[in-house]
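Okay, thanks everyone, I'll keep this short. Have a look at the model while I talk, and stop me whenever you like.

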Amino acid sequence: MTARASPSISTRKQPSQARSAGLVEAVLQAAVQVLAEEGAARFTTARVAERAGVSVGSLYQYFPNKAAILFRLQADEWRETTAMLRAILEDVARPPPARLRALVHAFVRSECDEAQVRQALGDAAPLYRDAPEAQAARVAGAPIMQAFLREALPAAGEDVRALAGDLITTTLGQAGKAFSETPRTAAEIAAWSDAMADMFCAYLERLKS
C-alpha cells in the first residue's frame with residue numbers, strides 16, 4: 001500500500017518587499033484570530049483571507065493551503081520557545097538549578113498565556129506533523145538542553161544526560177499543556193511551576209551522586 005504524501009507546508013515564496021511582508025503578517029494575524037475563535041475544525045483559507053482583508057488568490061501566493069498557514073504559526077511558536085530556551089539555559093551568570101527553575105516558570109506562563117491558540121494548533125497537528133519540516137523544527141531545542149545538561153551533570157554519561165533531557169522536555173511539554181487547558185491565576189501558575197521545578201532540580205541532584 002502506497003503511503004499517502006503529506007501536503008506541502010512550505011511557503012510558496014518569501015515576501016521581498018514591505019508590502020508583501022505586510023500581507024503575510026496580516027494573514028498570520030488573521031489566522032491566529034480565526035484559529036482562536038473557530039478552532040482547527042472550522043479553520044479555512046477563505047476565513048483567513050476574509051479576516052485579513054485580502055483575496056484568497058493573494059493568500060495562495062505565499063501559502064499553498066491551510067496546512068502551510070498552520071505550520072507557519074506552529075513553527076513561529078517553536079522558534080519562540082527555542083529562543084526562550086537558549087536565553088535562559090545559556091545564561092552562565094546563574095547556576096544550573098536557577099536556570100532550570102526560570103525555564104519552568106517562563107514555559108508554564110507562556111503555555112497559559114497562549115493556551116487557546118496552542119490547543120487549536122495541537123488539534124490541527126495531523127495536517128502537518130509528518131512533514132520533514134515539522135520533524136526538523138520539533139528537535140531544534142534538543143542541542144540546547146543537552147549543552148545545559150553537560151554543564152549541570154559533568155560526571156554523567158551521555159546516555160544519562162540524553163534520558164534526563166528527554167524526560168524534562170517531554171514532562172514539561174505534556175504537563176504544561178494539560179495544566180494550561182484550565183484557566184489559571186498567577187498564584188496557581190507560580191505554585192505549580194515551583195513544584196515542577198523542585199521535582200526537576202531534585203532529579204538532577206540525584207543524578208550527580
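So, Trp78: buried or exposed? In this predicted model, Trp78 comes out at 19% relative accessibility, and because the cut-off for buried is under 20%, Trp78 counts as buried. Its ring partner is Phe71, and those two make an edge-to-face pair, with 6.3 Å from centre to centre and 70° between the planes. Phe71 is buried too, at a relative accessible area of 8%.

On accessibility, Phe179 is at 6% and counts as buried, while Trp192 has a relative accessible area of 25%, which makes it partly exposed.

Staying with helix 9, which spans residues 158-180, let's go to Arg161. Here's a charged residue that counts as buried, at 7% relative accessibility. What does the Arg161 side chain find there? One of its polar atoms lies 2.9 Å from the backbone oxygen of Leu153. If you skip the neighbours within four places in sequence, Arg161 is in contact with Gln146, Leu149, Arg150, Leu153, Pro154 and Ala156.

Now over to Pro95, in the loop between helix 4 and helix 5, the latter being residues 96-113. Pro95 has 48% relative accessibility, so it counts as partly exposed. What I'd point you to is Ala152: 57 residues from Pro95 in sequence, yet the C-alpha atoms are 8.5 Å apart in space.

Last stop, the second largest pocket. The space in there is about 220 Å³. Which helices supply at least two residues each of its lining? Helix 1 (18-38), helix 4 (66-89) and helix 6 (115-124). By type, the lining residues divide into six charged, five nonpolar and one polar. Among the lining residues are Glu25, Asp76, Glu77, Glu80, Glu114 and Arg118, along with Leu28, Val32, Leu73, Val117 and Leu121. Gln29 is in the lining as well.

That's my tour, so over to you for questions.

Key:
Residues numbered from 1 in each chain as written. Predicted model: local features only at pLDDT ≥ 70, side-chain atom pairs only at ≥ 80, totals over all residues. Heavy atoms only, no water. 1 Å grid on protein atoms, 1.4 Å probe; cavity = no way out; pocket = protein on both sides within 12 Å on 5 of 7 lines; lining within 4 Å. Points joined across faces, edges and corners; volume = space filled by probe spheres on them. Helix = DSSP H or I, 4+ residues; strand = E, 2+ residues; numbered from the N terminus. Buried < 20%, exposed > 50% of the residue type's maximum accessible area, 1.4 Å probe, protein only. Polar contact = N/O pair within 3.5 Å; in protein donor to acceptor, adjacent residues only side chain to side chain. Contact = heavy atoms within 4.5 Å. Phe/Tyr/Trp six-rings, centres within 6.5 Å; stacked < 30°, edge-to-face > 60°.
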